[in-house]
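User: I would like to learn how to read a few local features in a structural model, one at a time. Could you give the general idea of each before turning to the case at hand?

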Amino acid sequence: MAEPGPIDPFQRRLAEGRLLAALRRLHRREPLRSDMRVDAVIAELRNAPRQPAGHRGSAPVTLDDTELRSVVDDLVASGALVRAGHRVRLPEHEPTLDPEMRVRVERLLAGLREAGAAPPRIEGSASRLGIPPTVLSQLRSAGELVAIAPGIDYPHDVWVGLRARVEAIAERGPLTVRRVREQLRTPRRHAEAILDFWRAERRRRSPRRGG
């Protein structure tokens with residue numbers, strides 16, 4: 001197979017700017033994600049709205065994906081991007097929410113903590129606070145929220161406490177939904193979800209026996 005030829009200098013400069021702009025948009029869209037897959041950045045570049053003809057940004061990027069990956073490599077080499085495996089980020093990016101959204105998230109977490117073992121469905125609470133589903137997904141990915149069942153999420157510290165209480169219940173007798181519900185003073189739906197998730201976590205933590 002013939003080696004790819006050199007990239008046109010104009011197309012290289014254009015691709016560099018578009019790739020960096022695409023990554024900035026992804027960072028804004030998912031601020032709690034530390035980095036992005038290179039293919040996601042390229043897809044974001046491809047899917048960006050076209051500028052009207054005659055606009056200074058209307059020139060199309062004609063490079064194929066292999067050439068764009070080469071441009072990414074050069075951006076990493078120059079320090080314009082930071083790479084970790086197949087993922088990249090802008091050097092200045094720190095996973096965080098903007099101050100206004102962080103205030104909303106803290107209010108959500110405080111309400112969930114106040115509800116203890118029986119929080120309301122998180123989607124309704126988040127919607128009332130102006131927190132979109134994408135932010136909820138990011139909070140789960142970042143570990144700030146632990147989703148044990150559809151609509152049932154606990155702040156991480158609350159789940160750690162509940163897990164310890166379930167383990168204590170297990171030490172004192174049979175671990176049943178009824179005992180969990182009575183000990184945690186929670187509806188049956190929550191007790192079932194807590195017990196199922198606790199058991200799943202326990203299986204994941206237990207070393208597999210040889211076979």
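Analyst: What follows goes through aromatic rings, a helix crossing, a backbone angle and some contacts. This is a predicted model, in which local features need pLDDT of at least 70 and side-chain atom pairs count only at pLDDT 80 or more, whereas totals for chains, interfaces and linings use all residues. Residues are numbered from 1 along each chain as its sequence is written, and side-chain values use heavy atoms, with hydrogens and water left out.

User: How many aromatic pairs does the structure hold?

Analyst: Rings of Phe, Tyr and Trp (its six-membered ring) pair if their centres lie within 6.5 Å, and the planes decide the class: under 30 degrees apart is stacked, over 60 is edge-to-face and the rest is tilted. The structure holds 2 such pairs. In the stacked one, Y154 and W159 lie 6.2 Å apart, centre to centre, with 25° between the planes. The rings of W159 and F197 have their centres 5.2 Å apart and their planes at 80°, so this pair is edge-to-face. Y154, W159 and F197 together form one aromatic cluster.

User: Which parts of the chain does the pair of W159 and F197 link?

Analyst: Helices here are DSSP runs (H or I, at least four residues), as are strands (E, at least two), and both are numbered from the N terminus. W159 belongs to helix α7 (residues 156-171) and F197 to helix α9 (residues 188-205), 38 residues apart, and the pair thus links distant parts of the chain.

User: What sits over the ring of F197?

Analyst: A charge sits over a ring if NZ of Lys or CZ of Arg is within 6 Å of the ring centre and within 35 degrees of the ring normal. Here the charged end of R204 takes that place, 5.8 Å from the centre of the F197 ring. Helix α9 also holds E201, which counts as buried because its relative accessibility is 12%. Not counting residues up to four places away in sequence, E201 touches W159 and R163, where contact means heavy atoms within 4.5 Å.

User: At what angle do the axes of α4 and α5 cross, and which residues meet there?

Analyst: Axes are lines fitted to C-alpha atoms, for helices over the stretch in contact, and angles run from 0 to 180 degrees between N-to-C directions. The axes of helix α4 (residues 99-115) and helix α5 (residues 122-129) come within 10 Å and cross at roughly 145°. From α4, the residues R104, R107, L108 and L112 meet I122, S125, A126 and L129 of α5. These residues divide into 5 nonpolar, 1 polar and 2 charged, with Ala, Val, Leu, Ile, Met, Phe, Trp, Tyr, Cys and Pro counted as nonpolar, Asp, Glu, Lys and Arg as charged, and the others, Gly among them, as polar.

User: What is phi of R185 near, and in what kind of residue is that value found?

Analyst: Most residues other than glycine have a negative phi. Phi of R185, however, is near 55°, a positive value in a residue other than glycine. R185 is found in the loop between α8 (177-184) and α9, and counts as exposed because its relative accessible area is 74%.

User: Which residues does L14 touch away from its sequence neighbours?

Analyst: L14 lies in helix α1 (residues 9-29) and is buried, with a relative accessible area of 15%. Leaving out residues up to four places away in sequence, L14 touches A59, P60 and V61. L14 and A59 are 45 residues apart in sequence, yet 8.2 Å apart in space, C-alpha to C-alpha.

User: Where is R140 placed, and what is it in contact with?

Analyst: R140 is in helix α6 (residues 133-142) and counts as partly exposed at 28% relative accessibility. Beyond its neighbours within four places in sequence, R140 is in contact with I122, L145, A147 and D153.

Terms used
Buried < 20%, exposed > 50% of the residue type's maximum accessible area, 1.4 Å probe, protein only.
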